[in-house]
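Dear colleague,

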Amino acid sequence: MNTLDKGAHADRPGRPSNRRGTAPTTFSSLVGLRTSLRRAWTPTETILYALGVGAGQRDPAAELHLTTENSTGHPQRVLPTFASVLAADPPPLGELTAIRHAEEALTLFRPLPPAGQVHTTAAVTGLHDQGSGALVEQVSRLHDPAGTVLGTVRRAMFVIGAGGFGGRRARPALWHPPADPPEHRIVTTIRPDQALFYRLSGDRNPLHSDPAVAGRAGLPRPILHGLCTFGFAGRLLLPLVGDDPTRVRHVRARFNAPLHPGDTLTVHAWRRPYGVVFRATDGTGRVVLDRGVLAVAAR
């Protein structure tokens with residue numbers, strides 16, 4: 001992705017320790033930290049993102065509006081979850097092997113164009129003691145060149161072993177789990193090399209590509225980026241809401257467990273007047289995404 005990050009700036013404290021009980025003297029100084037940066041993209045970057053979350057794999061001709069910029073009768077559209085790529089990176093939180101993506105929630109006020117630029121402003125808005133770790137919350141706002149806010153991205157990162165400092169636990173988002181069986185089950189197989197495609201959209205964390213780093217994190221092999229799983233789910237749900245990415249206004253989910261490249265992803269969905277609620281499981285039935293919501297604008 002083309003990034004104009006030379007103008008990025010932030011008052012960044014030192015790297016925090018991720019030993020239990022050290023959060024008050026380090027992580028607490030992150031609250032209120034503000035970051036400002038500019039990002040630009042072309043149709044190539046939005047197509048690369050779509051390929052990174054599985055577009056066109058089952059049928060190369062089925063999603064040409066996402067995977068090409070010059071197909072007859074298929075004007076290019078941008079997946080709404082591309083907004084996550086435009087958000088600010090989290091502040092330094094310690095060793096990468098101890099950090100996990102916990103939640104993501106994006107809201108779009110208008111569709112993202114195939115090419116464009118944004119001025120992203122971000123702030124760390126919360127720090128919570130979850131017992132086994134610390135939860136750090138950050139909000140990014142995406143502004144177009146005229147200064148209009150295109151959308152927001154709310155993100156929570158979990159730092160393993162940094163809890164126990166006596167802070168407040170995070171309040172879970174309002175969620176009513178469906179009592180009835182899912183109305184739709186969408187199954188797809190994740191390519192063994194999917195993480196290598198997705199990392200080209202900007203997240204080069206070696207936890208997703210380097211077996212040695214994954215081993216140091218206690219994992220048997222590299223895991224798929226949580227935001228890649230998030231993007232897969234958002235894309236697979238589009239046919240249930242009219243198959244028009246420009247109508248999507250909100251997508252959110254909690255990351256429950258990692259998904260491995262080569263595994264099966266099943267998205268379980270329930271229709272609602274505003275869109276769908278969903279969760280996703282791996283090939284063993286373990287929940288990898290939970291508390292999912294995809295909402296669309298009224299016609």
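Is Tyr49 buried or exposed? In this model, which is a predicted one, Tyr49 has a relative accessible area of 1%, so it is buried, since the cut-off for that word is under 20%. Phe82 likewise counts as buried, at 1% relative accessibility.

Because Tyr49 lies in helix α2 (residues 43-52) while Phe82 sits in the loop between α3 (64-67) and α4 (83-86), the pair ties together parts that are 33 residues apart in sequence. Ring pairs extend this into a cluster whose members are Trp41, Tyr49, Phe82 and Tyr198.

Another pair is formed by Phe230 and Phe255, whose ring centres are 6.2 Å apart and whose planes meet at 55 degrees, so this pair is classed as tilted. Here Phe230 belongs to helix α7 (residues 226-237) and Phe255 to strand β8 (residues 248-255), so the parts that are tied together lie 25 residues apart in sequence. Both Phe230 and Phe255 are buried.

Helix α7 deserves a paragraph of its own. Its 12 residues should span 16 Å at 1.5 Å a residue, and the C-alpha atoms at its ends are 17 Å apart, which agrees with that expectation. The helix is mostly covered, in that 11 of its 12 residues are buried; among them are Leu227, Phe230, Phe232, Arg235 and Leu237.

Turning to the nonpolar cores, the largest of them holds 51 residues, and the members that touch the most other members are Leu237, Leu265, Val267, Phe278 and Leu294. The element that gives the most to this core is α7, with seven residues. If residues up to four places away in sequence are left out of the count, Leu294 touches Gly234, Leu237, Val241, Val248, His250, Val251, Tyr274, Gly275, Val276 and Phe278, and of these Gly234 and Leu237 are among the buried residues of α7.

With best regards

Methods. Residues are numbered from 1 along each chain as its sequence is written. This is a predicted model: local features need pLDDT of at least 70, side-chain atom pairs count only at pLDDT 80 or more; totals for chains, interfaces and linings use all residues. Side-chain values use heavy atoms; hydrogens and water are left out. Helices (H or I, at least four residues) and strands (E, at least two) are DSSP runs, numbered from the N terminus. Buried means under 20% relative accessible area, exposed over 50%, partly exposed in between (1.4 Å probe, protein chains only). Rings of Phe, Tyr and Trp (its six-membered ring) pair if their centres lie within 6.5 Å; planes under 30 degrees apart count as stacked, over 60 as edge-to-face and the rest as tilted. The expected span of a helix is 1.5 Å times one less than its number of residues. A nonpolar core is a set of buried Ala, Val, Leu, Ile, Met, Phe, Trp, Tyr and Cys residues joined through side-chain atoms within 4.5 Å. Contact means heavy atoms within 4.5 Å.
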